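Student: I have just opened this entry and would like to be walked through it. Could we begin with the overall picture and then turn to details?

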Amino acid sequence: MAKKQKDILEGKYINVFTLWNEFTGITEPIHSRILQFILSPHTMHGQENRFINLLLKRINVNYGENDEWISTAETGRVDVMLKRYNPHSVIIIENKSNWAGDQPNQLYRYWFENIHRSDNDLLPEFYSKHQEYKIVYLVPNKYKNISDDSLHRPSYLSETMPEHLPITPIVWSFEEEVSDWLDDCISSLPEENTPLRNLLSQYKEYCKTL
């Protein structure tokens with residue numbers, strides 16, 4: 001009890017994201033915009049490619065320290081998307097932070113609309129050799145799974161297209177992998193950058209409560 005009282009006096013239970021959620025709710029689009037803010041090289045956090053490179057390292061995408069990446073949120077139905085033109089790369093991040101179900105053929109459609117470019121990328125073997133294309137499926141915790149329908153070809157596409165999504169999605173939970181990546185981001189910052197370290201720490205703790 002004495003430790004808890006000390007933590008309260010030191011403000012260790014104050015979390016801006018918990019307060020934000022109590023006031024207006026943090027919806028999936030808001031989570032996507034928070035993630036896009038962290039991942040964008042050109043936002044006010046001033047860290048350039050630091051955070052995006054730490055994500056790429058965790059999902060095994062080769063990168064140069066100063067590659068040009070474009071990050072978008074809630075654009076073209078994709079929650080968060082990272083694009084690089086040289087070498088060409090697309091990372092699709094599907095955010096299910098609020099436990100929403102998958103839409104019909106959802107991940108397959110996102111692959112077809114944003115990653116598929118030619119007959120060369122229709123087989124799983126292509127993605128074994130070309131690690132620069134990824135779909136990351138974010139869940140609150142590992143109790144939420146991708147639906148089978150999300151991975152199958154829509155009926156309006158030609159039967160020449162693969163029946164099943166040829167790229168294997170990476171499943172990350174906010175509770176574990178997202179929190180670990182945020183730890184990487186925090187550890188990479190200088191100690192004197194207290195505002196950003198605190199912001200990321202509070203978001204990390206909030207992610208564990210989804």
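Tutor: Among contacts in the chain between residues at least 6 apart in sequence, 65% join residues at least 24 apart. Please keep in mind that this is a predicted model.

Student: What helices and strands does the chain have, and in which order do the elements run?

Tutor: There are eight helices and five strands in the chain. Read from the N terminus, the order is α-α-α-α-β-β-β-α-α-β-β-α-α. The radius of gyration is 19 Å, close to the 17 Å that the globule rule gives for 210 residues, so the chain is as compact as a globular protein of that length.

Student: What box do the C-alpha atoms fill?

Tutor: Along the principal axes, the box is roughly 65 × 35 × 25 Å.

Student: How much of the chain is buried, and what does the accessible surface come to?

Tutor: Of the 210 residues, 47% are buried. The accessible surface is about 11,400 Å², and carbon and sulfur atoms account for 51% of that surface.

Student: And how many positive and negative side chains are there?

Tutor: The chain carries 22 positive and 30 negative side chains, with the centres of the two sets 3 Å apart.

Student: Let us change topic. How many aromatic pairs does the structure hold?

Tutor: It holds seven aromatic pairs. In one of them, the ring centres of Phe-17 and Trp-20 lie 6.2 Å apart with the planes at 25°, so this pair is stacked.

Student: Where do Phe-17 and Trp-20 lie?

Tutor: Both belong to helix α2, which covers residues 16–23, and they are three residues apart, about one turn of the helix. In general, an α-helix has 3.6 residues a turn, so residues three or four places apart point the same way.

Student: Which residues do ring pairs link into a cluster?

Tutor: The cluster consists of Phe-17, Trp-20, Tyr-203 and Tyr-206.

Student: Moving on to helix α4, which residues there are buried?

Tutor: Helix α4 spans residues 50–58, and its buried residues include Phe-51, Ile-52, Asn-53, Leu-54, Leu-55 and Leu-56. After α4 comes Asn-60, which has a positive phi near 60°.

Student: Which other residues have a positive phi?

Tutor: Glu-48 is one of them: although it is not a glycine, its phi is positive, about 50°. Glu-48 is placed in the loop between α3 and α4 and counts as exposed at 53% relative accessibility. Trp-99 also has a positive phi, near 65°. Trp-99 lies in the loop between β3 and α5 and is partly exposed, at 41% relative accessibility. As background, most residues other than glycine have a negative phi, and most peptide bonds are trans.

Student: Where is there a cis peptide bond, then?

Tutor: A cis bond joins Asn-86 and Pro-87, with omega at about -10°. Pro-87 is found in the loop between β2 (78–85) and β3 (88–95).

Student: Last topic: which residues does Glu-28 touch?

Tutor: Leaving aside residues up to four places away in sequence, Glu-28 touches Glu-74, Asn-95, Lys-96, Ser-97, Asn-98, Trp-99 and Ala-100. Trp-99 in that list is the residue with the positive phi near 65°. Glu-28 itself belongs to helix α3, residues 28–39, and counts as buried at 15% relative accessibility.

Student: How far apart are the C-alpha atoms of Glu-28 and Glu-94?

Tutor: They are separated by 9.9 Å, while the two residues are 66 residues apart along the chain.

Methods:
Residues are numbered from 1 along each chain as its sequence is written. This is a predicted model: local features need pLDDT of at least 70, side-chain atom pairs count only at pLDDT 80 or more; totals for chains, interfaces and linings use all residues. Side-chain values use heavy atoms; hydrogens and water are left out. Rings of Phe, Tyr and Trp (its six-membered ring) pair if their centres lie within 6.5 Å; planes under 30 degrees apart count as stacked, over 60 as edge-to-face and the rest as tilted. Helices (H or I, at least four residues) and strands (E, at least two) are DSSP runs, numbered from the N terminus. The radius of gyration is taken over C-alpha atoms; the globule rule is 2.2 Å times the number of residues to the power 0.38. Buried means under 20% relative accessible area, exposed over 50%, partly exposed in between (1.4 Å probe, protein chains only). Contact means heavy atoms within 4.5 Å. Accessible areas come from the Shrake-Rupley method with a 1.4 Å probe; for residues, only the protein chains shown count as cover. Lys and Arg count as positive and Asp and Glu as negative; His and the chain ends are not counted. The place of a charge is taken as NZ of Lys, CZ of Arg, CG of Asp or CD of Glu.
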